[in-house]
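Dear colleague,

Please find below the structure that I am handing over to you. My notes on it follow directly after.

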Amino acid sequence: MTAPVVRGSIRRRLTIIFLSAAAALSILVVLAIESVARQAVQTSQDNILFASAVSIMDSVQLRDGQVVIDLPYSSLSMLDSVTDERVFYAIYLDQDFVTGYDALPIPAGVTDVKGAYQTAGFLGETVRITAVQRVFAIRDVAQNLTVAVAQTQTNVRQTVEQVRRWAIGMGLAFFMASVGITWILVEFATRPLRRLAQSISRRGPKDLRPVAASVPREMAPLVTSLNSLMQRLQVSLKRSEEFIAEAAHRVRTPLAIVRTQADVTLHRVEKEQNRKALRDIVRAIDESSRAAGQLLDHAMVTFRADDLDRERVDLTKLVHASLEQLRPLADLRDLDLVAQTAASVWVQVDPILIQNAVHNVLDNAIKYTPLLGQIQVSVQATATQAQITVTDSGPGFPDGGKSLLTQRFQRGENARGVVGSGLGLTIVRDVMAAHNGTLEISNITQGGACVILSLPLE
Amino acid sequence: MRYFILAIGMMWTLIGAQVLHGFEIEARATFGPPTNDPNLRILSTADISYFEPMIASFLENNPDISIDYTVASSSQVMQAIAAEQAQFDLVISSAMDLQIKLANDGHALRHAPLRTVELPAWAHWNSMVFAFSQEPAAMVVSKAFLDQMGGTHTRQSLIGLIRKNPDKFRGRIGTYDIRRSGLGYLFATQDARGSETYWRLMEVMGQSDVQLYCCSSDMIGDVLSGKLDMAYNVLGSYAQRHPHADQVAIILPQDMTTVMLRSVLIPKTTQQPALAGLFLDHMLQRAFGTQTGAGRNLAGGPSLESSAINRIGLGPGLLVFLDRYKKQRFLSEWESAILQ
Amino acid sequence: MRFLLVEDNQDLASAVVERLQLDGHVVDHADDLQSAFDFTATTDYDLILLDIMLPDGDGRTFLQRHRAGETQTPVIVLTARSQVSDRVGLLDLGADDYMVKPIDFSELEARCRAVLRRKGGSARNVITHGGLIFDPLAGALTIEGQEITLRTRELRLLEIFLNNPGQIIPKSKLVDRLFSYDEEVTENAIEVYVARLRRHLAPSTVSIKTIRGSGYKLDVSP
């Protein structure tokens, strides 16, 4: 059988797609969580910075027309309560620096109603700066007092790092779970395919019925084409069967005419020379007809051997049927057909092929056994094997049958005068091989041939 | 211990004023092998005698290292590191606020201490400032004064005692002039933060003509010499190490004892960050390691076990009192309390 | 015997008819299904020889309808196809036997006899000579009430002699009738069979005479 050209695998493709999606999703979730966490932590830092700035602003008093700033202790210590942070502040009255770190950048856009926030580098570290502003009337002039408070981002970094690690852990867990789910999913997705494949491979060689089992919608086109292919196959099989029948008919009918006319003529001519010629004609016709039959048989055996159509068969019954079919031929030669068979011997075989083999063996025996001879047929079962043994009272195989007979188109030395193509035992051998059975040929001590067909029991 | 250090060829150099730097130094010494280019330069506010055991124990394990030890006032330390970028490998100071400011303003390197040392949370800030000793602000009193105080040693009882005898203690009580002493200012601000009693105590002291000092040692010296009956907010450790310590009593205020942390940092100007780290770890090991007992007072000061402790927190809160306006306001309040 | 031959090929049909007539049979020939049905409706046959491929249908259709009818006339199918699978199908459809073309007429005769024997035959072919009763279909020979078992060729030989009493039959004719052409037989074989038959016939009123140089002749004593 030809192996299919395999490229890729649905299972692998699905797995890769699913896992890629899961991986992308995992990374996306990790990034999203991280981004949300960063925003949340930033917001909370901004809130604390805002509270600190406001507490400084609240400590500002106007005394004698002068701004007095009494930095609350907590305004800076509150910024250091969770993690150690460097903190900075700067206070401006309008554009004039009042106190704190004069180099600290003031976030743009700060007004007396809205704080402003900025991230900037300061003194070698990244800091978050929050500014608030309030208007003071100093000697009847409105002036803006701006308070900016800044903090390093140790806590932000640590918290974000912590969340990231957690998120990566979750992402990995999610991915691992996806691996499991993917496996199950792929299993489910490919199950109908496998089921279809099984239901088709379970079929017998002649079973070309359309697939009737329900399949998912996506597989409907496949099944439709499969059914259509099988239908075409069935049509073409039928056509070739018809062709063979027609061909056999076309060949055999003229042969039959010639043979019959030769036969009739033979009854009318007296001269021995003419009679011999006619006999030769008849014999040649018989031989070619038999060869054609055996060639067809051999082709059939070769075809069926690839895919046996096994059934439970009673060998005894099968052998008896063959015997009855051939008995008139044996009678013609006055041969005794003696059968010694066990009651029933059940085997799991292709009955058409086995019948063909038995027919060939018996046909050979009848042809090679001299007039008034005897043919013994037995069917027996051992512990492991079923055996059909055919022995005759003929001359036996030349050379004990060692090498010659099972080769294709070879005939025994003593086949002179007997019509036969020599293909018979080749067919028998092939049928046995297809069934894991054996064909043994030998000569019995009294001189006759012995053919043993062995088949494994069920 | 000192003899041991002398024996290994240590050199003492005492210099009144060092003109090589812009800042003023009070003393200088080198330890270890004699050299013109010492391996490790330490700038410290602590007296040589106070810190010498630490250096000596370090040299025991690292005899090849030469150490330069320079003593300066806390304000000069600030000046040297922040303004002049003077090259030192370690900065040791009792002025916690200034140490925090140095670190906060980006003048310190971060250092990861050894895992073997169990550093308490209060003993380090931002991996830059490390405390290695805690020293309480104590009252050093004469025996006579101790008798008058009775059993209760609180600021409240002190106020009562002085009020009752305004003339008896006139001119016989001393404390820091916080305008001149950074440590005095630190103690004062922490006292004031801790309770309102501080301001009343200052008023009472001002009324009885309190004497103002620049340094703990002078104050303790005057108590020992009988010039003073009591020194308020001084470093108990200085008194304890004095040869005549048994003549005075060191009292921790029972209502609240302010505890100062001596701390160390590695300035950014260091040329020897690894060696500085090694020495820093040695200091922490001695202060908190299992050998010496966690949190043990390095200088062997008074026990802190029974008092209500207000340990000054290392952190940016200390920066508040360094604010120009804040300080101005605090000093003017202090002046108005003391100098009526 | 009376045969119906259903065969669409005219040449083959006439050759077969002629050959069967040589053996003394009566043969009707139908060349399609319809005429086959017409013949069977009007005539009672001993045996039907049926070709499978016919111009107006399949021989299988005939088999089915024939089996559904009342008559039990045996049918031997003449097929151009040799394969076992085809033969099995034919037997299942009710054919009594089949033969693959070209037909060996000795085999056909043997099969006809076997089929007729299975079906019970008919009494009209029984030949009687004094104490000798011979039923060629059943293959039964009774002499003076004594049943005698004969081999196939002995039966066949006897039948030839009884059908042509008093006639000289050459040995070569006997060879043609008794043996198929794939066998290399000598006239000696005939002598063996004649000798065996003579032993069986000894108690009867018939005997086989040897005519030197010509052949044999059946003599019937009164």
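Against which elements do the buried residues of helix 1 of chain A pack? They pack against helix 2 (73-77), strand 3 (87-93), strand 6 (125-138), strand 7 (141-152) and helix 3 (154-201) of chain A. Here a residue is buried if 20 or more other C-beta atoms lie within 10 Å of its own, exposed if 12 or fewer, and partly exposed in between, with C-beta atoms placed from the backbone. Helices (H or I, at least four residues) and strands (E, at least two) are DSSP runs, numbered from the N terminus.

Before going further, please note that this is a predicted model, in which local features need pLDDT of at least 70, side-chain atom pairs count only at pLDDT 80 or more, and totals for chains, interfaces and linings use all residues. Residues are numbered from 1 along each chain as its sequence is written, while chains are lettered from A and ligands numbered from 1 in the order in which they are written.

Helix 1 (residues 10-58) of chain A has 49 residues. From its first C-alpha to its last it reaches 70 Å, close to the 72 Å expected at 1.5 Å a residue (1.5 Å times one less than its number of residues). Among its buried residues are Ile48(A), Leu49(A), Ser52(A), Ala53(A) and Ile56(A). In general, an α-helix has 3.6 residues a turn, so residues three or four places apart point the same way.

Chain C meets chain A through 36 residues of chain C, in contact with 40 residues of chain A (C-beta atoms, placed from the backbone, within 7 Å). Helix 1 of chain C gives the most to this side of chain C, with seven residues. By class, the side has 15 nonpolar, eight polar and 13 charged residues; Ala, Val, Leu, Ile, Met, Phe, Trp, Tyr, Cys and Pro count as nonpolar, Asp, Glu, Lys and Arg as charged, and the others, Gly among them, as polar.

Chain C has eight helices and 14 strands. An open sheet of five strands in this chain has the order 2-1-3-6-7, with parallel pairing (two strands pair if DSSP finds at least two bridges between them). Its edge strands are strand 2 (26-30) and strand 7 (97-100) of chain C. Within the sheet, strand 1 (residues 2-6) and strand 3 (residues 47-51) of chain C pair over four bridges, and Phe3(C) stands opposite Leu47(C).

Buried residues make up 41% of the 222 residues in chain C.

Terms used
Contact = placed C-beta atoms within 7 Å.
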